[in-house]
Amino acid sequence: MKHILFLSMLFFTNFLFATEVPDIVPVSWLQKHYNDPSLVIIDVRDNKDFKKDHLQKAVNVPAMTQLFYGKNMLIPPLSTLKEIFSKAGIDNNSEIIVYGGKNPIWAARFYWIAKVLGVQNIGLLQVNYGNWNKASLPITTEIYKAPYKDFGPKINNDYIKTQLDVLTSFHDAYIIDGRPFLFYIGKKSHAKRYGHIPHALNFPGSLTYNTKDSKTTIKDFKTLKKIYANLPKDKPIILYCEDGADAAMNFLVLRKLGYKVSVYDGSWLEWGNHPNLPIETKINRP
């Protein structure tokens, strides 16, 4: 009985004093917590860039080869994701920091997938790789082998939607298209058809960050709140883009701002390639 009581107290002590990872992580936070025993650093750049150099103890999970599945670039099967997370040294107590290259949407894709899998403690590094003072963080070319952990996903179905969910939600939810404006109005498309899902509003994922030369910084939430100020909170929001990456960037921000959000997994690659689904090109306003 005493043994059980001790374990219970240990569990609640760890829970109470667990470090909460901010959704957008300043470099200063990572510096302070770099040696936390539960810290896991994920680098979503392609393997070629990763091998040149990367953050010490970072694990490479290349976005384009590991975070998409099939021709419509859907979320990978659960068994695949469980193995990816386990090999990266992630378990249910991990503090996860994810970073990428110039465009943060690929790191946001990992963030969204982690949230779908029930991960609580995860954040995006506010700047892209290398966008810090050289002495700020440890850089290496050595490949770190993370300890294998038995990751136990707890699926949150509220964060992921299907084509059918979108079709039946036109009047019950706001739909946000995270693609660039020219794609939204039907001037460009990577699918067979052009336009956007009916009633969709356009909030490109690129609105969430600033890029100058090769340096990208995600905007602070005070600034981000102004971008979505006209978006009401009276309905749930379904997000999509071309492939689920810009939508993931919107997901991170809107979720933090208190909106009830989910991502349409198939996004425009599925919707725009279906010959019978409704589309439009007119501009909708909040």
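Buried means under 20% relative accessible area, exposed means over 50%, and partly exposed lies in between (1.4 Å probe, protein chains only). This is a predicted model, in which local features need pLDDT of at least 70 and side-chain atom pairs count only at pLDDT 80 or more, while totals for chains, interfaces and linings use all residues. Residues are numbered from 1 along each chain as its sequence is written, and side-chain values use heavy atoms, with hydrogens and water left out.

**View 1. Asp177 and Arg179 form a salt bridge.** A salt bridge is a side-chain nitrogen of Lys or Arg within 4 Å of a carboxyl oxygen of Asp or Glu. Here the N to O distance is 2.7 Å. Arg179 has a relative accessibility of 1%, so Arg179 counts as buried. Asp177, at 0%, is buried too. Arg179 also lies over the face of Trp268, at 4.5 Å from the ring centre. A charge sits over a ring if NZ of Lys or CZ of Arg is within 6 Å of the ring centre and within 35 degrees of the ring normal.

**View 2. Arg45 lies over the face of Tyr129.** The distance from the ring centre is 3.9 Å.

**View 3. Phe68 and Trp106 form an aromatic pair.** Rings of Phe, Tyr and Trp (its six-membered ring) pair if their centres lie within 6.5 Å; planes under 30 degrees apart count as stacked, over 60 as edge-to-face and the rest as tilted. By this rule the model has 12 aromatic pairs. Phe68 and Trp106 are edge-to-face, with 6.0 Å centre to centre and 75° between the planes. Helices (H or I, at least four residues) and strands (E, at least two) are DSSP runs, numbered from the N terminus. Phe68 lies in the loop between helix H4 (63–66) and helix H5 (78–87), and Trp106 in helix H6 (residues 105–116), so the pair ties together parts that are 38 residues apart in sequence. Phe68 is buried, at 9% relative accessibility. Trp106 is partly exposed, at 23%.

**View 4. Phe203 and Tyr228 form a stacked pair.** Their rings sit 5.3 Å apart, centre to centre, with 25° between the planes. Phe203 lies in the loop between strand E10 (201–202) and strand E11 (209–212), and Tyr228 in the loop between helix H9 (221–227) and strand E13 (237–240). The pair therefore ties together parts that are 25 residues apart in sequence. Are Phe203 and Tyr228 buried or exposed? Both are buried.

**View 5. Helix H5 has buried residues, covered in part by H4 and H6.** Leu81, Ile84, Phe85 and Ser86 of H5 are buried. What covers the buried residues of H5 includes H4 and H6, where contact means heavy atoms within 4.5 Å. Phe85 also joins Phe110 and Phe151 in a cluster linked by ring pairs. Just after H5, Gly89 takes a positive phi of about 85°.

View 6. Asp150 is exposed, with a relative accessible area of 60%. Lys82 is partly exposed, at 30%.

**View 7. Lys149 and Asp91 form a salt bridge.** The N to O distance is 3.7 Å. Lys149 lies in the loop between E7 and E8 and Asp91 in the loop between H5 and E5, so the pair ties together parts that are 58 residues apart in sequence. Lys149 is partly exposed, with a relative accessible area of 27%. Some form a network, linking Asp23, Arg255 and Lys256.

**View 8. Strand E2 is largely enclosed by the rest of the structure.** Why is this said of E2 (residues 39–43)? 5 of its 5 residues are buried, so the rest of the structure largely encloses E2. In a regular strand the side chains alternate between the two faces of the sheet. In E2, Leu39, Ile41 and Asp43 are buried on one side, and Val40 and Ile42 on the other. Two strands pair if DSSP finds at least two bridges between them. E2 runs parallel to strand E5 (residues 95–99), joined by 5 bridges. E2 also runs parallel to strand E4 (residues 58–60), with 3 bridges. Ile42 has Val98 as its bridge partner in E5 and stands opposite Val59 in E4.
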